[in-house]
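Let's take a walk through this structure together. Keep the sequence and the 3D view handy as you read.

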Amino acid sequence: MEELLCNLSPEQREAVTTTEGPVLVVAGAGSGKTRVLTHRIAYLIARGVPPSRILAITFTNKAAREMKERSIALVGDAAREVWISTFHSFAARILRMGGEAIGLPQNFTILDTDDVRSLFRAILEELNLDPKREDPRRYAAEVSRLKNEGTSPEDYLKRFDPTRPWERLLAQIYLRYEERKAQTGSLDFDDLLLRAVELLEHEAGSRLATRFRYIHVDEYQDTNPMQYRLLHALTREHANLFVVGDADQSIYAWRGADPRIFLSFVEDFPGAKVITLERNYRSTQKILDAANALIRHNPGRPPKELWTENEGKEPVRVLFAGNQNEEAEAVVKRIDALTREGYALGDIAVLYRTNGQSRVVEEALLSAGIPYRIVGGLRFYERKEIKDVLAYLRLIANPVDDLSFLRVVNEPRRGIGESTLARLRDFADSMGSSLFHAACRADEADIPRSKAKVLIGFCTLLRELGARSRELPLARFVDEVLEVTGYRAALLALPEPERSSRLENVQEFLNMATSFQALHPEADLPAFLAEVALLTDVDTFEEAEDRVTLLTLHAAKGLEFPVVFILGLEEGLLPHHLSVEEGNVDEERRLLYVGMTRAKERLFLTYAEYRSQYGSPMRPSRPSRFLEEIPSELLVVEDVRSPWAREILRRHRFSTAVADERETAGVAGLPSFGRFGSSREERLGKTGGKAGPEDEPWQPGDRLVHAIFGEGTVVQVRERGDEIELVVAFPHPLGVRTLLPRYAPIIRRKGS
DNA sequence: TATGGGTGGATTTTT
DNA sequence: TCCACCCATA
């Protein structure tokens, strides 16, 4: 026991040993909260608490896995019996155990975001609405909001305002959506929580509901109201609720996390003990100073200052690039230098606000031959081939899952097209059965004989597979599905780039099945499917590989890296303009704070003077307000702009103070960029090829330099309305581009 | 019913 | 720039 506690700080120790009653640990970034959680679990077990009565909720499956491993390392195999999972996995698990009590099938399908979208789409079509004009996602979001605030379709039907057509429609759609899910035995993410609460309330006092005597929640600041209700349902008979969180790291308000839940813990759970951890064991003081300075700008937060004894040598650096390509190149150059200093590629992370920003970085890394891996973007299970395989498995486990049926009935091609499916749909409706069962009796339907034969064949095939699923080990079974359905053969027939990549992904899926089985030997197909449905990309991320990691700021939560680059510190990007419009700048600030506090030794922030979103047009941007909020003496600015970019900048009359005075450093120079794009008129008036002493009309043959493309020759001058367009030839591989001299970042070459 | 090309459209963050 | 979806065509 002493051994367990001896390398904890006094505050950590107190958190670990306060086992009874509600406890709130306000844990700053890097203050060892995972350590506290694992030690507490170990401590409880050492004190004789049965592991199966301990529950720990984490934010990601990966965090759960890590916590489990670390607990096992501390107390041995007993920790295997502890329940450690995310809210959603926990909910799925208890629903599979006891869902019958509230009328759920044991083999329910879990719908992911994509499934939900297509379901809403289908409903809109049924109601003869154009899914193009009525964005299905909007309804999905709205319905999700209603569900999270606990409004059932029936509630809403009573409550909505019938004079508002939109609400009327929403009520109708919501109802239908719930019906369709009930019919197809499926649950969406919200349902998992909702139904779990229902189950626990229904079964109040039962073994399930009273099973957990010690409950832990990590990242409590990102808890949403339904998760909160779930916690209440679990703590009816005791208040041993131990939560860890940091209001400064709350970055999921947009997804329904309610910051008040965190802030009012002490009132919600009377007698709660509050322990604050401010000592940081991760970053250098230089990094913490910058992060502290930034977050101090958030109003209404309880003051908290991270500190460490690790002073650190390297300052936080700001790389100031001409455009996003230069930004990416500067990052790659740094990475190269860092590896020569002895850093491994796996030590380095590149963080950004939006997934789209990864592309330029990828290209730069690729051409420098530096291996990388992307977390997020297209998640593993969102890939087509994985979804296909999953749909087969889901349909086998749950034949009434029409969505999965539709996905695979003609994948690979079986000649079942739109019109056959419409007839099948009618037939199913007339019998009130699922598509699958209708397909099994397709010969009785108004369907051409040849098609009916195919459908019945498909049905027989899946039934046989259903029987096999109970005989074969999981991975072998998945393999058989691929074989028997002809899916693998179809992949093999694909043209080359797709062929190998898809086969690789399918192979990876098989590996996942194998390792899942090794971990849970008793698990059946539904258990595996539940696991996979709740897996995210971060969960499959392994540090072991020596590659640079690319990920969004959101995905970086809970991770740490010796070296961190954060890209695009520009107004409109970080803070993102949509958040600014909604008045959520504080959350963006927290997002950056989270990113900065991931860094252990080195932190780079980058800013590009011009950025193009989706190819066209290059737009100037202002440095993020966040850069100005960090005192200049805490930052060293380095100008990494190309000579072109600098020259253009000078022409555009923007200060080059930063460039010339980088020895004295500081962001002091940056605010002078404030007028950059500050008003449209100003930009139009003062920038572009029209202004300047050589304000003569453009002519073919003129030479110019473009901030991104470099030197080019004007081949044609066109007028379009009152706008002048230049057709400019750039060297291979850029080719001919059309530019608007009024906006394009170009300058004319002398002597043209 | 399958395929290809063209078009229009959209791009924050994700359990 | 890329992607999803639509439509015309085989």
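This is a predicted model: local features need pLDDT of at least 70, side-chain atom pairs count only at pLDDT 80 or more; totals for chains, interfaces and linings use all residues.

E178 is partly exposed, at 21% relative accessible area.

Let's look at a few others.

Stay with helix α9 for a moment and find R176. It forms a salt bridge with E126, and here the closest N and O atoms are 2.5 Å apart. R176 belongs to helix α9 (residues 165-183), while E126 belongs to helix α6 (residues 113-126), so this pair ties together parts that are 50 residues apart in sequence. Both ends are partly exposed: R176 has a relative accessible area of 29%, and E126 has 40%.

Now try a pair with a much bigger number attached. K273 and E14 form a salt bridge, their closest N and O atoms being 3.2 Å apart. K273 lies in strand β8 (residues 273-277) and E14 in helix α2 (residues 10-17), so the bridge ties together parts that are 259 residues apart in sequence. Check how open they are and you'll find K273 partly exposed at 32% relative accessibility, with E14 also partly exposed at 34%.

Salt bridges can also link up into a group. Here E314, R317, R334, E341, R602 and E638 are joined in a network of salt bridges.

Strand β8 leads us to the next stop, a sheet. Strands of a sheet pair through backbone hydrogen bonds, either parallel or antiparallel. This one is an open sheet of six strands, paired in parallel, in the order β3-β2-β6-β7-β1-β8. β3 (83-86) and β8 stand at the edges with a single partner strand each, so one side of each has no neighbour in the sheet. From one strand to the next, the twist averages 15 degrees.

Zoom in on one pairing: strand β2 (residues 54-58) and strand β6 (residues 214-217) run parallel and are joined by four bridges. I57, for example, has V217 in β6 as its bridge partner.

The loops around these strands are worth a look too. Between β6 and α11 you'll find E219. E219 has a positive phi of about 50 degrees, although it is not a glycine. It is buried, with a relative accessible area of 7%. Another loop, between α11 (225-234) and β7 (241-245), holds N240. N240 counts as buried at 9% relative accessibility, and its side chain reaches the backbone oxygen of R213 at 3.1 Å.

Where does the protein meet DNA strand B? A total of 27 residues surround DNA strand B, and the closest are R353, R413, S419, T420 and T536. By type, the residues of this surface divide into six nonpolar, 13 polar and eight charged. Helix α19 (residues 418-431) gives the most to this surface, with three residues.

Which parts of DNA strand B come within 4 Å of the protein? Of those atoms, 57% belong to sugar or phosphate, and the rest belong to bases. Some individual contacts show both kinds. A polar side-chain atom of N355 lies 2.8 Å from a phosphate oxygen, and an N or O atom in the side chain of T552 is 3.3 Å from a phosphate oxygen. H88, on the other hand, has a side-chain N or O atom 3.2 Å from a base oxygen.

The peptide bond from E411 to P412 is cis, with omega near 0 degrees, and P412 lies in the loop between α18 (402-408) and α19. The bond from L574 to P575 is cis too, with omega near 5 degrees. P575 has its place in the loop between β13 (561-566) and α26 (577-581).

Methods
Residues are numbered from 1 along each chain as its sequence is written. Chains are lettered from A and ligands numbered from 1 in the order in which they are written. Side-chain values use heavy atoms; hydrogens and water are left out. A salt bridge is a side-chain nitrogen of Lys or Arg within 4 Å of a carboxyl oxygen of Asp or Glu. Helices (H or I, at least four residues) and strands (E, at least two) are DSSP runs, numbered from the N terminus. Buried means under 20% relative accessible area, exposed over 50%, partly exposed in between (1.4 Å probe, protein chains only). A residue is near a molecule or strand if one of its heavy atoms lies within 4 Å of it. A polar contact is a pair of N or O atoms within 3.5 Å; within protein, one must be able to donate a hydrogen and the other to accept it, and residues adjacent in sequence count only if both atoms are side-chain atoms. Ala, Val, Leu, Ile, Met, Phe, Trp, Tyr, Cys and Pro count as nonpolar, Asp, Glu, Lys and Arg as charged, and the others, Gly among them, as polar. Two strands pair if DSSP finds at least two bridges between them. Axes are lines fitted to C-alpha atoms, for helices over the stretch in contact, and angles run from 0 to 180 degrees between N-to-C directions.
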